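Here are my notes for you to read with the structure open beside them. Take the points one at a time and find each spot as you go.

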Amino acid sequence: MSRKIGVKILGTGSYFPKKIITNIDLEKKVKTSDEWITTRTGIKERRISKKNELTSDLAFKASLEALKVTDILPEQIDLILVATITPDMFFPSTACFLQKKLYSSISSQKPAFDLSAACSGFIYGITIARAFIKSGLYKTILLVGAEELSKITDWTDRSTCVLFGDGAGAMILSASDTDDDILATYLGADGSYSDLLFMPAGGTANPATINTVETKLHTIKMDGMHVFKVAVPKMTLAGKKALELSGKKLKDIKLFIPHQANMRIIKAVAKKMNISMDKVFVNIHKTGNISSATTITALDEAIKSGKIKSGDLVELIAFGAGFTWGAAVIRI
Ligand SMILES: CC(C)(COP(=O)(O)OP(=O)(O)OC[C@H]1O[C@@H](n2cnc3c(N)ncnc32)[C@H](O)[C@@H]1OP(=O)(O)O)[C@@H](O)C(=O)NCCC(=O)NCCS
């Protein structure tokens, strides 16, 4: 009889660039106000990377923190997975750049690749990591969500530039005979919404030209109100489905960690799921939306701040460009 493999979450880490841009700073760049941004989004400030600070640098620092917490050595990692929509380059993958940084003194040659599912990237990543470990293919996986959205933001467009930020979070997962910390995940996508939140140029649809640069097509374009309207039901659906698949009830979950895109979306999802806001983790005021890095950095903060402790059940819920959505019920 084949042995059932469980998945243990060994630990998490995160890293944010030092530079902070506040709403007051943005008032000097575009026609906006702290009051507008705060009431419409809940965001007060966001972290912004330096010009020469790359997504893989943030991923590296978050990974080092996770390694430190878990006492895992880089050479014990069998696979590196990076969820990002703001890679260092189209290719090689940011996961390969991260591998080079992690193993500067030894040759790793372990597999490494990126996955692209926008703000749901980390939930997609957990699902992939879990499947790889349970299949017996890899024992220990470093999963990272890392973004530098500031570098694909049009800083003259007030409707988007107030929303996004930079950061990275990491999780180390390993095979276990005794624990199974990922109780359930649920994923969804609907490509028919692809033109509501996207970066038009740089890929094969619109290769870079002087015109694509001059017309700022290498930056985030979004129909905010439409995104809002789809995000709420899809996050609610994902939250309910993952919970159902886990066999747990709302009352069993210690903390809900929704994607931090907009405080009003977070509140609407909590209301639809019938969760009281004191069980919902919020750090959007400090970070803005950092896409695939959001749920993992929020989880890391919730752990480090003592809001949740070993053994607690947590549900991560995300939604992003694609559209993509997903949720995961995990034990930390
Ligand atoms: C972007 C978002 C905050 C806008 O809030 P909203 O209440 O929908 O606002 P609207 O888009 O209806 O805009 C209302 C007005 O504010 C203006 N406005 C937009 N951005 C502004 C800003 N930063 N400061 C001041 N005014 C702004 C608009 O131009 C519009 O003005 P008008 O009525 O004169 O045309 C909101 O739609 C949202 O958060 N959507 C979801 C986005 C998201 O989460 N994306 C990522 C998903 S992973």
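**Notes on the model**

1. Let's start in a loop. N274 sits in the loop between α9 (263–273) and α10 (284–287). Its phi is near 65 degrees, which is a positive value in a residue other than glycine. N274 counts as exposed because it has 9 C-beta neighbours inside 10 Å, and the cut-off for exposed is 12 or fewer. Keep in mind throughout that this is a predicted model.

2. Now put A118 next to that. A118 is found in the loop between β5 and α5, and its phi, near 50 degrees, is again a positive value in a residue other than glycine. Is A118 buried or exposed? It has 24 C-beta neighbours inside 10 Å, so A118 counts as buried.

3. Two peptide bonds deserve a look. The one from F91 to P92 is cis, with omega near 0 degrees, and P92 lies in the loop between β4 and α4 (94–102). Another cis peptide bond joins G322 and F323, where omega is about -5 degrees. You'll find F323 in the loop between β12 and β13 (324–331).

4. On to the sheet. This is an open sheet of five strands in the order β1-β7-β6-β4-β5, and the pairing is mixed. Its edge strands are β1 (6–15) and β5 (112–115), each of which pairs on one side only. From one strand to the next, the twist averages 20 degrees.

5. Zoom in on β4 (residues 79–83). Five bridges join β4 to β6 (residues 140–148), and these two strands run parallel. Four bridges join β4 to β5, which also run parallel. V82 makes a handy landmark: its bridge partner in β6 is V144, while in β5 its partner is D114. For I80, the bridge partner in β6 is L142.

6. How much of β4 is covered? Mostly: five of its five residues are buried. L79, L81 and A83 point one way from the strand, and I80 and V82 point the other way.

7. α3 touches β1, β4, β6 and β7 (166–176), and its direction makes about 125 degrees with that of β1. Helix α5 (residues 121–135) touches β1, β4, β5, β6 and β7, with its direction at about 165 degrees to that of β6.

8. A62 is buried, because 29 other C-beta atoms lie within 10 Å and 20 or more is enough to count. Leaving aside neighbours within four places in sequence, its contacts include G13, Y15, V144 and A168. By contrast, W36 is 26 residues from A62 in sequence and 32 Å away in space, C-alpha to C-alpha.

9. Finally, the ligand. It is surrounded by 21 residues, and the closest are T32, R158, G224, A261 and N262. The elements giving two or more residues to this shell are α2 (34–41), α6 (158–161), α8 (224–246) and β12 (313–320). Which element gives the most? That's α8, with five residues.

10. What is the shell made of? Its residues divide into twelve nonpolar, seven polar and two charged. Domain 1 (6–180) and domain 2 (183–331) both give residues to the shell, so the ligand lies between them.

Notes:
Residues numbered from 1 in each chain as written. Predicted model: local features only at pLDDT ≥ 70, side-chain atom pairs only at ≥ 80, totals over all residues. Near = placed C-beta within 6 Å. Nonpolar A, V, L, I, M, F, W, Y, C, P; charged D, E, K, R; others polar. Domains from an automatic or database assignment. Contact = placed C-beta atoms within 7 Å. Pairing = 2+ DSSP bridges. Axes fitted to C-alpha atoms, helices over the stretch in contact; angles between N-to-C directions.
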